[in-house]
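Subject: Structure handover

Hello,

Here is the structure I promised you. Please open it first, then read my notes beside it.

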Amino acid sequence: MVNEDEAEALSGWLGCEPTARSLSESLDTGVLRTMGGEGAEAFIDGENVRVPALRVDAVDTTAAGDCFVGVLASALDRGLSLDAAMRRAAKAAAIACSRPGSQSSIPCSDEPDSWT
């Protein structure tokens, strides 16, 4: 899992593009790249998944990445597909961005289910 800046640095060291697919192929492992307001992409076991960021009136983006990662891990652990887990994580991160603070902005577990 890398964010945009980490993907850029890693791709420079590896001599590849900063995309999830290119990093995955260079590292011979699955890669998920968060891209802020552009969403997230993953290339894992030959599966290429891209989800858009949900548009919100951002109040504070401090916890968005951590929220995304935590919700993604939880969703995968519960057996959701990579695509469904990434979509759930994107909703949770959008909710977090719409609130001030870090811990206080993280949504409760049922909020991404009812948020549109």
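First, a rule for counting charges: Lys and Arg are positive, Asp and Glu are negative, and His and the chain ends are left out. Each charge is placed at NZ of Lys, CZ of Arg, CG of Asp or CD of Glu. On that basis the protein has 9 positive and 19 negative side chains. The centres of the two sets lie 7 Å apart.

Next, where the values come from. This is a predicted model, in which local features need pLDDT of at least 70 and side-chain atom pairs count only at pLDDT 80 or more, while totals for chains, interfaces and linings use all residues. Residues are numbered from 1 along each chain as its sequence is written, and side-chain values use heavy atoms, with hydrogens and water left out.

**Overall layout**

Five helices and three strands make up the pattern. In sequence order they run α-α-β-β-β-α-α-α. Helices (H or I, at least four residues) and strands (E, at least two) are DSSP runs, numbered from the N terminus.

The C-alpha trace spans about 40 × 30 × 20 Å along its principal axes. The radius of gyration is 14 Å, which agrees with a compact globule of 116 residues, because that would have a value near 13 Å. This radius is taken over C-alpha atoms, and the globule rule is 2.2 Å times the number of residues to the power 0.38.

The accessible surface comes to about 6500 Å². Carbon and sulfur atoms hold 48% of that surface. Areas come from the Shrake-Rupley method with a 1.4 Å probe, and for residues only the protein chains shown count as cover.

How much of the protein is buried? Of its 116 residues, 39% count as buried. Buried means under 20% relative accessible area, exposed means over 50%, and partly exposed is in between (1.4 Å probe, protein chains only).

Now contacts, which means heavy atoms within 4.5 Å. Take the contacts with a separation of 6 or more: residues 24 or more positions apart account for 42% of them.

**The cores**

A nonpolar core is a set of buried Ala, Val, Leu, Ile, Met, Phe, Trp, Tyr and Cys residues joined through side-chain atoms within 4.5 Å. In soluble globular proteins, nonpolar side chains tend to be buried together.

The largest core here has 20 residues. Leu 32, Ala 40, Val 51, Phe 68, Leu 72 and Met 86 touch the most other members. Two or more residues each come from S2, strand S3 (47-51), helix H3 (64-77) and helix H4 (82-97). H4 gives the largest share, nine residues.

Look at Leu 32. Beyond four places in sequence, Leu 32 touches Met 1, Val 2, Ala 40, Glu 41, Ala 42, Phe 68, Leu 72 and Met 86. Another core lies apart from the largest one. This other core has eight residues, among them Ala 20, Leu 23, Val 31 and Phe 43.

Which residues of H2 are buried? They are Ala 20, Ser 22, Leu 23 and Ser 24. These buried residues pack against helix H1 (4-14), strand S1 (31-34) and S2.

Ser 24 lies in H2 (residues 20-27). Ser 24 counts as buried because its relative accessible area is 7%. Leaving aside neighbours within four places, Ser 24 contacts Thr 29, Gly 30, Val 31 and Phe 43.

Phe 43 sits in strand S2 (residues 40-44). Phe 43 is buried too, at 8% relative accessibility. Its C-alpha is 5.5 Å from that of Ala 20, 23 residues away along the chain. Among the residues Phe 43 touches beyond four places in sequence are Ala 20, Arg 21, Glu 25 and Asn 48.

Most residues other than glycine have a negative phi. Asp 28 has a positive phi of about 55° although it is not a glycine. Asp 28 lies in the loop between H2 and S1. With a relative accessible area of 71%, Asp 28 is exposed.

Asp 45 has a positive phi as well, near 50°. Asp 45 lies in the loop between S2 and S3. Asp 45 is exposed, at 79%.

Last, Ala 94 in helix H4. Ala 94 is buried, with a relative accessible area of 5%. Ala 94 and Asp 57 are 37 residues apart in sequence, and their C-alpha atoms are 9.1 Å apart.

Best wishes
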